[in-house]
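Please look over the sequence and the model before reading on.

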Amino acid sequence: MRSGRWSLPEAARKAAAFGIKIAGYPAAFFNSLMLGNAFAEAPMGHPVPDEIGFQDAVTPIAEEIHHFHDWLVLPIIIGICIFVAVLLLICIFKFNEKANPTPSRTTHNSFLEVAWTILPVLILVVIAIPSFRLLTHQLVIPASDMTVKVTGKQWYWSYSYPPDQGGGFEFDSAIKADADLKPEEGDIRQLSVDNEAVVPVGKTIRVQVTADDVIHSFVIQAFGIRIDAVPGRLNETWFKAEREGMYYGQCSKLCGRDHAYMPIAFRVVSPEAYATWLADAKKKYASNSTEPLHLAGNETAESIRK
Ligand SMILES: [Cu+2]
């Protein structure tokens, strides 16, 4: 036996490596289902290469979304796929021309027809009940501890902290250029921004979302929030981040040339760190004060600024 007998050609080795990688996906997925976040050191808050599934949930809503997907919708989908595949295989092997030369002339079966109408309806009802419950939790905003106003612009975000909560300033948050990235400080290409929004941990945050120019969409996966930013309309959502960390999202509505380059970055910190940040930010962004403008006659906010 020659020693080189088992060496595979390059292509075959690559194919094998790819196969192992693909096989790892379901394993990693079920691992994440079984272990949850029990062994995770800190939530990631951003996408990671070679991973599938959701980013770690850090709000009750995100957890509810993941639970709804992992334990209700996904098992139903898998069940239906297996059922249809089995039916197909039965047709292919049992009713082909060779195995079944004289086919049955049956055209109706009342029991089957009622069953394949009623069963899908029942499946939809089973999905609808927890789905509407989840929607209600998302849409009915609980008593909030603070408000942040988010404005989508071509192509960056502005965050406004209202005066009655120690804020009274507004600032722009734009993507960091590749040349300015400091990976040693945790910067991530295409996600890190110059000015992050900061919120305290464990507090219910009401988020008011609007846009200045075209429709954008404000999404943070780890928070389980997704809401359109529409010019002339104030949309509202909420989140309660339960773990400190840095969480990223992206504009999710095609909004023009740099749609892919307007990331969202929220840093969740302790209440003490938040108080410090708020005091610093008030000085840093002092020139962007958000005192209400007093409009008279046919003046507009724009004409006053000019
Ligand atoms: Cu956008």
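Predicted model: local features only at pLDDT ≥ 70, side-chain atom pairs only at ≥ 80, totals over all residues.

Where in α2 is the kink of about 35° centred? The kink is centred on H69.

**Helix α2**
- Helix α2 (residues 60–94) has 35 residues, which should span 51 Å at 1.5 Å a residue, and the 49 Å between its end C-alpha atoms agrees with this.
- The helix α2 is hardly covered, with a count of 2 buried residues among its 35.

**Helix α3**
- Helix α3 (residues 110–139) has 30 residues and reaches 43 Å from first C-alpha to last, close to the expected 44 Å.
- A kink of about 25° lies at A128 in α3, shortly before the proline P130.
- The number of buried residues among the 30 of α3 is 0, so this helix lies largely in the open.

**Strand β4**
- In a regular strand, side chains alternate between the two faces of the sheet.
- In β4 (residues 197–200) both faces are covered: A197 and V199 are buried on one side, V198 and P200 on the other.
- Strand β4 pairs with β10 (residues 263–269) in the parallel sense over 4 bridges, and V198 stands opposite R267 in β10.

**Backbone details in loops**
- The peptide bond from Q154 to W155 is cis, with omega near -5°; W155 is in the loop between β1 and β2.
- D50, in the loop between α1 and α2, has a positive phi near 65° and is exposed, with 8 other C-beta atoms within 10 Å.
- Q190, in the loop between β3 and β4, has a positive phi near 70° and counts as partly exposed, with 14 C-beta neighbours inside 10 Å.

Notes:
Residues numbered from 1 in each chain as written. Expected span 1.5 Å × (residues − 1). Bend = angle between axes of the 7 residues up to and from the residue. Buried ≥ 20, exposed ≤ 12 C-beta atoms within 10 Å, placed from the backbone. Pairing = 2+ DSSP bridges.
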